[in-house]
Amino acid sequence: MKWSEQAWISATPVYNRILELPFIQELMTGTLSRDKFIFYIRQDAVYLSEYGKVLTGIASKLNNAKYISAFIKFAGDSISVEQALHESFIHELKTVKTEASPSCLLYTSYLHKQLAHAPLEVALAAVLPCFWIYKKVGDYILENQIKGDNPYQSWIDTYGGDDFERSVSEAISICDEIAGQCTKAGQEAMTRAFVMCSKFEWMFWESAYREEQWKI
Ligand SMILES: Cc1ncc(CO)c(N)n1
C-alpha cells in the first residue's frame, strides 16, 4: 500500500468529523453567516501567508528539480488564491491587519516548527492535509450541494474541481516517492504529522464558526 493510502486511512475519522462541522454544512447550503465566513477568510489570509513561506522553505530543502519547481508553484498559488478570495469577499481595499486566532497560530506555528526541526519528509507530510482535505471537502460540497444561489460558490469552485486537483495529485505523489525512500519509523512520523495537521484543519473551521477570540 502506498504511504498516502495508509495515511488517508489514519486520518479518515478526522475527515469524517470535518464533513459534519456546521461550518462545512452551512457553507454547502449557503446559509453560513457572512460574519463567520469573513472571520474565516481573514484568518485564512494569515494562514496562507505563513503556509506560502513554509512551502517555499520546503522547496529550498529539496534536491530534485521537479519537486522544487512544484513547491515553488504551490507557494505562488497560495498567494494568488488568497488575493482572489480576499478580493471577492472582502471588498474594502485597506483591511486592518488581522491577528492570528489561537487555532490559526497553533496550526501555522506547528508547520514552521516541522520545517525548522523535523526531517524534510515530515514537513512534507505536514503540509499535505492542506491540499488533500481541501480538495476532498471541495468535491464533497460540489457533489452534495443543491445548485442555486450560493454566496460562497467561488470558494467552493476554488477547491472543488479540476484545477486544484492537479496540484493535489502532484503533492500526494511527491510525498509517496519520498516516503518510499524512508524507513518504517520515518513513514510513521510522516503519518503522525499528517493526522495532526488534519486535526488542525478541523480546528480551523470549528474555531471560525465560533469566531474564536483570545481569552486574554
Ligand atoms: C486552513 C487552510 N488549510 C488549507 C487551505 C488550502 O490551501 C487553506 N486555504 N486554508
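Which helices each supply at least two residues of the lining of the largest cavity? Those are α3 and α4, the second one running over 65-89. Keep in mind that this is a predicted model.

Let's stay with that cavity for a moment. A search of the whole structure turns up one cavity of 30 Å³ or more, and the volume of the largest cavity comes out at about 30 Å³. Its lining is made of I41, D44, A45, L48, E82, L85 and H86. Helix α3 gives the largest share, four residues. Sorted by class, this lining has four nonpolar, one polar and two charged residues.

Now, on to the ligand. The ligand sits in the largest pocket. Around it you'll find D44, Y47, L48, C130, Y134, Y159, E201 and F204. Here α3 (34-61), α6 (120-144) and α9 (184-209) each bring at least two residues to the shell, and α3 has the largest share with three. As for class, that shell holds six nonpolar, two charged and no polar residues.

So what do the ligand's nitrogen atoms face? There's an N or O atom of the D44 side chain 2.7 Å from a ligand nitrogen. For the side chain of E201, the distance from an N or O atom to a ligand nitrogen is 2.8 Å. Then Y159 has a polar side-chain atom 3.0 Å from a nitrogen of the ligand. On its own the ligand would expose 290 Å², and the protein buries 97% of that.

Conventions: Residues numbered from 1 in each chain as written. Predicted model: local features only at pLDDT ≥ 70, side-chain atom pairs only at ≥ 80, totals over all residues. Heavy atoms only, no water. Near = heavy atom within 4 Å. Polar contact = N/O pair within 3.5 Å; in protein donor to acceptor, adjacent residues only side chain to side chain. Areas by Shrake-Rupley, 256 points an atom, 1.4 Å probe, with all protein chains shown as cover. 1 Å grid on protein atoms, 1.4 Å probe; cavity = no way out; pocket = protein on both sides within 12 Å on 5 of 7 lines; lining within 4 Å. Sits in = over half its atoms within 2 Å of the grid points. Nonpolar A, V, L, I, M, F, W, Y, C, P; charged D, E, K, R; others polar. Points joined across faces, edges and corners; volume = space filled by probe spheres on them.
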